Amino acid sequence: MTIGIGLLGLGTVGAGVAGIINNPDGRHPLVGQLALKRVAVRDPQRPRPVDLPAEILTTSPEAVVDDPAVDIVVEVMGGLEPARSLILRAIAAGKPVVTANKAVIARYGEEIAAAAAEQGVYVLIEAAVGGGIPIIEPLKQSLGGNRIQRVSGIINGTTNYILSRMADEGAAYDAVLADAQQLGYAEADPAADVEGGDAADKIAILAGLAYGGSIERGAIPTEGINRLQSRDVNYAAQLGYVVKLVASAQFLGTDADGSVQLDVRVSPTLLPKEHPLAGVHGVNNAILVEGDPVGRVMFYGPGAGAGPTASAVVADILNIAGIREASGAQGGLDPLLAANRWRRCRLVEPGATRHRNYIRLHTTDQAGVIGKIGGCFGDEGVSIRSIVQFESSTAGSDAEIVVITHDVPEANFRRALAAIEALADVRTVAACLRTL
Ligand code: NAP
Ligand code: HSE
């Protein structure tokens with residue numbers, strides 16, 4: 001039995017998927033039953049890394065979804081629209097969907113889940129988070145019996161690639177970003193990567209699965225690496241830390257009405273060199289799941305690029321194909337999306353959270369400055385873990401003072417910082433980063 005595949009997009013990921021389908025030798029026998037029937041692109045003349053018959057290419061994505069020979073719709077075109085409408089169109093036609101589109105799922109996951117539930121079709125999203133790393137299915141199923149305390153990780157390959165090459169080779173930010181684009185790691189608009197939005201989409205999806213409810217995507221505090229300064233990476237290294245873009249979702253408690261309180265955020269973060277995420281380099285991603293009773297489980301592997309992402313997309317296609325083969329049906333409701341709506345999740349106000357912090361201050365170089373800074377922290381009950389003075393090379397400031405705090409309430413930290421900023425000896429608060 002042949003299973004007709006309709007591809008929406010033949011870019012980095014789409015070409016990777018077509019490459020697997022067209023080369024089934026040595027793979028699962030079901031791969032040999034998949035047949036590309038229709039493929040939507042913007043520019044049919046563009047050279048592609050895969051050979052496909054010209055007649056299956058179209059500039060009409062609707063024609064792909066509506067083609068009666070297409071049994072499974074694979075959305076790898078990206079962007080919010082028309083991707084969202086095309087996914088809904090496929091569902092309405094009773095066709096299962098596989099998508100790598102975290103931007104759509106993070107914003108419209110609930111709408112899509114409801115439509116899928118009504119039609120009884122699968123929508124599978126393994127490629128949306130972590131590239132080639134299996135993390136969606138483990139969170140949906142394998143770890144289902146746990147109380148999840150925290151999901152944290154490095155879930156953007158582009159930024160990890162940039163940070164790694166900047167740290168290892170002293171490479172320039174713009175040049176490394178251009179390489180990441182060339183290698184197919186970056187989003188069509190790389191601002192989504194470097195400003196943290198892509199990681200925020202992904203942690204919204206992971207937290208939704210881990211805590212069983214939908215996450216308000218727009219409420220996630222998000223900071224990328226685009227304002228990170230190399231001197232902070234250097235100072236962090238001297239103090240025994242590496243800086244990574246970390247996305248995390250932490251369970252803080254339960255409201256009287258049963259809503260789950262969560263601290264969900266994306267930020268450049270100092271990790272002690274011995275932390276499990278500190279050794280994740282290049283385009284690799286890693287997701288650390290901390291649960292009761294399982295303990296700590298880490299998922300690691302290539303987080304972006306054609307091959308790894310296509311691996312996850314084809315796994316989802318095979319899941320659906322296997323179910324069709326076993327049941328003779330189009331599928332059934334995806335247990336993930338059905339089960340993913342059993343409680344309300346509430347993001348707490350950032351001021352109500354607790355963190356360790358790194359700050360860098362430009363100050364005058366005079367007796368008593370460190371004492372005054374320490375006093376401001378002490379007045380707010382903010383305990384200091386280390387305080388170091390570096391000689392400043394920045395014009396107009398005489399000293400740079402780096403402070404790392406213990407785990408402290410964010411509200412107290414912010415008040416202390418305001419008092420420090422008001423000190424006559426402090427010229428600027430030059431950097432403020434989270435620390436694990
Ligand atoms: P890409 O290289 O930009 O490819 C997008 C493809 O979609 C292109 O073939 C493009 O056609 C086609 N397309 C876009 N809009 C279209 C429209 N309106 N009508 C017809 N065709 C259209 O993107 P990508 O890197 O493969 O990413 C695709 C999706 O996978 C995104 O949601 C992305 O977030 C996700 N993803 C990517 C990666 C990765 O490593 N790249 C990893 C995980 C998830 P043309 O080729 O003619 O321009
Ligand atoms: N742009 C994304 C990244 C692709 O760099 O992680 C994988 O989702």
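## Ligand surroundings and a buried serine

In this predicted model, a polar backbone atom of Val 13 lies 2.8 Å from an oxygen atom of ligand 1. The shell around ligand 1 holds 24 residues, of which Asp 43, Arg 46, Arg 48, Glu 187 and Gly 305 come nearest, and by class it divides into 10 nonpolar, 8 polar and 6 charged residues.

Ligand 2 has a shell that includes Lys 102, Asn 156, Thr 158, Ala 186, Asp 193, Asp 198, Gly 303 and Ala 304, and Glu 187 is also one of its residues. Glu 187 is likewise listed among the residues that come nearest to ligand 1. By class, the residues around ligand 2 are 3 nonpolar, 4 polar and 5 charged.

Polar atoms of the protein also lie beside ligand 2: a backbone N or O atom of Gly 157 is 2.7 Å from one of its oxygen atoms, a polar backbone atom of Tyr 185 is 2.7 Å from a nitrogen atom of the ligand, and a polar side-chain atom of Lys 202 is 2.8 Å from an oxygen atom of the ligand. The protein covers 94% of the 250 Å² of accessible area that ligand 2 has on its own, and the elements that give two or more residues to its shell are α6 (157-169) and α9 (197-211).

| Ligand atom | Protein atom | Distance |
|---|---|---|
| Ligand 1, oxygen | Val 13, polar backbone atom | 2.8 Å |
| Ligand 2, oxygen | Gly 157, backbone N or O | 2.7 Å |
| Ligand 2, nitrogen | Tyr 185, polar backbone atom | 2.7 Å |
| Ligand 2, oxygen | Lys 202, polar side-chain atom | 2.8 Å |

A separate site concerns Ser 259, which is placed in the loop between β8 (241-254) and β9 (260-272). Ser 259 counts as buried because its relative accessible area is 1%, under the 20% limit used for that class. Its side chain makes a polar contact of 3.0 Å with the side chain of Arg 344. When neighbours within four places in sequence are left aside, Ser 259 is in contact with Gly 253, Thr 254 and Arg 344.

Note on methods
Residues are numbered from 1 along each chain as its sequence is written. Chains are lettered from A and ligands numbered from 1 in the order in which they are written. This is a predicted model: local features need pLDDT of at least 70, side-chain atom pairs count only at pLDDT 80 or more; totals for chains, interfaces and linings use all residues. Side-chain values use heavy atoms; hydrogens and water are left out. A residue is near a molecule or strand if one of its heavy atoms lies within 4 Å of it. A polar contact is a pair of N or O atoms within 3.5 Å; within protein, one must be able to donate a hydrogen and the other to accept it, and residues adjacent in sequence count only if both atoms are side-chain atoms. Accessible areas come from the Shrake-Rupley method with a 1.4 Å probe; for residues, only the protein chains shown count as cover. Helices (H or I, at least four residues) and strands (E, at least two) are DSSP runs, numbered from the N terminus. Ala, Val, Leu, Ile, Met, Phe, Trp, Tyr, Cys and Pro count as nonpolar, Asp, Glu, Lys and Arg as charged, and the others, Gly among them, as polar. Buried means under 20% relative accessible area, exposed over 50%, partly exposed in between (1.4 Å probe, protein chains only). Contact means heavy atoms within 4.5 Å.
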